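The sequence and the structure are shown first.

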Amino acid sequence: MALGELPNIDTALFDRPSAERLASAAPSRHAPRFLLLYGSLRERSYSRLLTEEAARLLEAMGGETRIFDPAGLPLPDSAPDDHPKVQELRTLAQWAEGMVWCSPERHGSMTGIMKAQIDWIPLSMGAVRPTQGKTLAVMQVSGGSQSFNAVNQLRVLGRWMRMLTIPNQSSVAKAFLEFDGAGRMKPSSYYERVVDVMEELVKFTLLTRDAADYLVDRYSERRESAEQLSKRVNQRAI
C-alpha cells in the first residue's frame with residue numbers, strides 16, 4: 001500500500017521495519033549483564049535461594065550477574081529518590097541488559113517487597129528508560145501447590161515496564177521441600193525448568209540487546225516532542 005493512501009501518517013516519521021536494521025554493525029562482546037530481584041526478607045528465603053541458583057546458572061552460561069538485596073529499601077514515595085538503596089537499585093537497572101524477577105506467592109499475589117522494588121524503578125530517568133527493551137524472566141515460589149498468580153502479575157508489570165518477557169517461566173511448588181540444608185536446589189523437574197528458563201533468557205538477551213533501541217522505537221513517540229514525552233512519562237501526580 002502506498003503511503004499516499006494513508007493520509008493520517010506523517011511520512012517523514014513513518015518507518016518500514018527491516019531485517020538489516022536489526023543487525024548490529026558492531027555486536028557487543030562483553031558478557032550479557034543480568035540484574036536479579038527477589039521478594040522476601042526471611043532469613044531462609046526460598047525466593048532468594050531460587051534467585052541465587054538462577055545466578056549460578058546464568059554465570060555458567062557466560063553471563064555477569066548482580067543480585068539486589070531489598071533489605072533497607074524504603075516504601076515507594078516514603079523517601080527521596082537519592083536514598084542510597086534507591087540509587088543502588090536504579091544504577092543496577094541501568095547497568096543490566098536483562099533481569100530475573102522472583103517472588104513468593106502470598107495471599108494469591110506477589111509480595112509487597114517485590115512490588116516495591118519494581119515501583120522504585122522509574123519508566124524514565126531523564127532521557128533514559130532503564131527497563132525498556134531489556135529482557136525479563138519471571139519466577140515464583142509457593143508454600144503449597146503449584147500456582148502461577150505471581151508470575152502472571154510479574155508478566156503484566158514487565159509489559160508495563162516495556163520489557164521483553166521471555167515465554168518460559170518457573171513456578172516452584174512446596175519450595176521448602178526443594179532446597180537442601182545448604183540452600184542449594186535439589187535435582188527435580190522444577191530445577192530443570194529453572195535451567196530451561198535461564199538458558200532461554202541468555203539466548204533472548206544475546207539476540208536482542210544490540211537491537212533494543214530499534215525494537216522499541218515507536219512512530220507515536222517520534223511524533224511527540226522530547227519535552228512532551230518527558231513530561232508524560234515522568235508525571236508524579238497520579
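The sections below describe a predicted model, taking a helix pair and then a cavity.

## Geometry of the helix pair

Two packed helices are described by the angle between their axes and the distance between the axes. Helix H2 spans residues 46–60, and helix H6 spans residues 189–208. Their axes come within 10 Å and cross at roughly 50°.

## Residues at the helix contact

On the H2 side, the contact is formed by Leu50, Glu53, Ala54, Leu57 and Leu58. H6 contributes Tyr191, Val194, Val195, Met198, Leu201 and Val202. By class, the contact of H2 with H6 comprises 10 nonpolar residues, no polar residues and 1 charged residue.

Rolling a probe the size of a water molecule over the atoms shows where empty space is left. How many cavities of 30 Å³ or more does the count give? The count comes to 1 cavity, and the largest cavity has a volume of about 30 Å³.

The largest cavity is lined by Leu123, Arg129, Thr131, Gln132, Met161 and Arg162. This lining divides into 2 nonpolar, 2 polar and 2 charged residues. Leu123 and Met161 are the nonpolar members, Thr131 and Gln132 the polar ones, and Arg129 and Arg162 the charged ones.

Notes
Residues numbered from 1 in each chain as written. Predicted model: local features only at pLDDT ≥ 70, side-chain atom pairs only at ≥ 80, totals over all residues. Heavy atoms only, no water. Axes fitted to C-alpha atoms, helices over the stretch in contact; angles between N-to-C directions. Helix = DSSP H or I, 4+ residues; strand = E, 2+ residues; numbered from the N terminus. Contact = heavy atoms within 4.5 Å. 1 Å grid on protein atoms, 1.4 Å probe; cavity = no way out; pocket = protein on both sides within 12 Å on 5 of 7 lines; lining within 4 Å. Points joined across faces, edges and corners; volume = space filled by probe spheres on them.
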